[in-house]
Amino acid sequence: FEWNPARPVVGKSATLTSRATDVDGDSMPGRHWTLGDGRTASGAIVTTSWPLRGKYRVTHVVTDQWGRADSLSQDVTVDPDVARIDVIPSAVEIGALGDSLQLGAVARDPAGNAVSDVNFAWTSSDSSVATVTVAGLVISRANGVTQVSAAAYGRAGSATVTVRQKVARVVVTPASLRFGTLGRSATLVARAEDSRGALVAG
């Protein structure tokens with residue numbers, strides 16, 4: 001037997017279809033189902049739904065015209081009904097290259113309630129600006145803007161991450177000079193750095 005959709009959603013209809021045939025060509029009038037949650041059904045095609053997410057062991061029993069029976073069991077995984085994903089915070093700015101910032105994500109059902117135990121897939125639209133780990137930790141790489149997204153169950157939400165270096169200190173080299181006579185000159189070089197010591201251009 002087969003079912004559609006391949007990953008049913010809580011509270012939404014799914015169709016179970018019997019594909020059983022008899023090698024002798026006998027008719028198979030009996031087609032019965034146990035749905036893994038205490039309910040049963042009959043028929044070659046059954047439309048049903050499950051009220052809770054999880055894995056359900058569905059068993060299909062077929063009986064031919066002589067009363068001979070056979071069965072097949074398969075696990076059907078029912079996903080939560082995720083309507084949207086909120087990434088928190090929705091916009092952040094990082095002021096130094098190599099700095100990191102933790103983002104969070106919340107999946108919500110159509111009523112706006114949080115859906116628990118969701119594993120998110122994190123991605124960055126421009127990894128040259130910032131990368132993101134599997135846990136949602138953003139690490140800045142270069143000045144610019146990128147969208148960091150969290151996805152699950154066919155839905156996605158994103159946050160705008162802006163990397164804009166801020167000058168934390170100015171380093172002048174050499175740090176000291178001593179002239180032995182009047183009229184001598186020397187060149188000083190100033191370097192603006194962010195809080196992690198990376199050069200701030202311009």
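1. Strands, like helices, are taken here as DSSP runs numbered from the N terminus, with at least two residues of type E for a strand and at least four residues of type H or I for a helix. On that basis S124 belongs to strand β13, which covers residues 121-124, and the chain as a whole has 0 helices and 19 strands.

2. The model is a predicted one, in which local features need pLDDT of at least 70 and side-chain atom pairs count only at pLDDT 80 or more, whereas totals for chains, interfaces and linings use all residues. Residues are numbered from 1 along each chain as its sequence is written, and side-chain values use heavy atoms, with hydrogens and water left out.

3. The radius of gyration of the chain, taken over C-alpha atoms, is 31 Å, while a compact globule of 202 residues would come near 17 Å by the rule of 2.2 Å times the number of residues to the power 0.38. Along its principal axes, the C-alpha trace spans about 120 × 35 × 20 Å.

4. Of the 202 residues, 32% are buried, a word that stands for under 20% relative accessible area, with exposed meaning over 50% and partly exposed in between (1.4 Å probe, protein chains only).

5. One runs to the backbone oxygen of A130 at 2.7 Å, and another to the backbone oxygen of D126 at 3.3 Å. Leaving aside residues up to four places away in sequence, S124 is in contact with A130, V132, T146, Q147 and V148, where contact means heavy atoms within 4.5 Å.

6. Some backbone geometry deserves a look, since most residues other than glycine have a negative phi and most peptide bonds are trans. The bond joining N4 and P5 is cis, with omega about 0°, and P5 lies in the loop between β1 (2-4) and β2 (14-17). A cis bond also joins I88 and P89, with omega about -10°, and P89 is in the loop between β8 (84-88) and β9 (91-94).

7. D117, although not a glycine, has a positive phi of about 55°; this residue sits in the loop between β12 (114-115) and β13 and is exposed at 69% relative accessibility. Y153, also not a glycine, has a positive phi of about 50° in the loop between β16 (144-152) and β17 (155-163), and Y153 is partly exposed, with a relative accessible area of 34%.

Definitions and conventions: A polar contact is a pair of N or O atoms within 3.5 Å; within protein, one must be able to donate a hydrogen and the other to accept it, and residues adjacent in sequence count only if both atoms are side-chain atoms.
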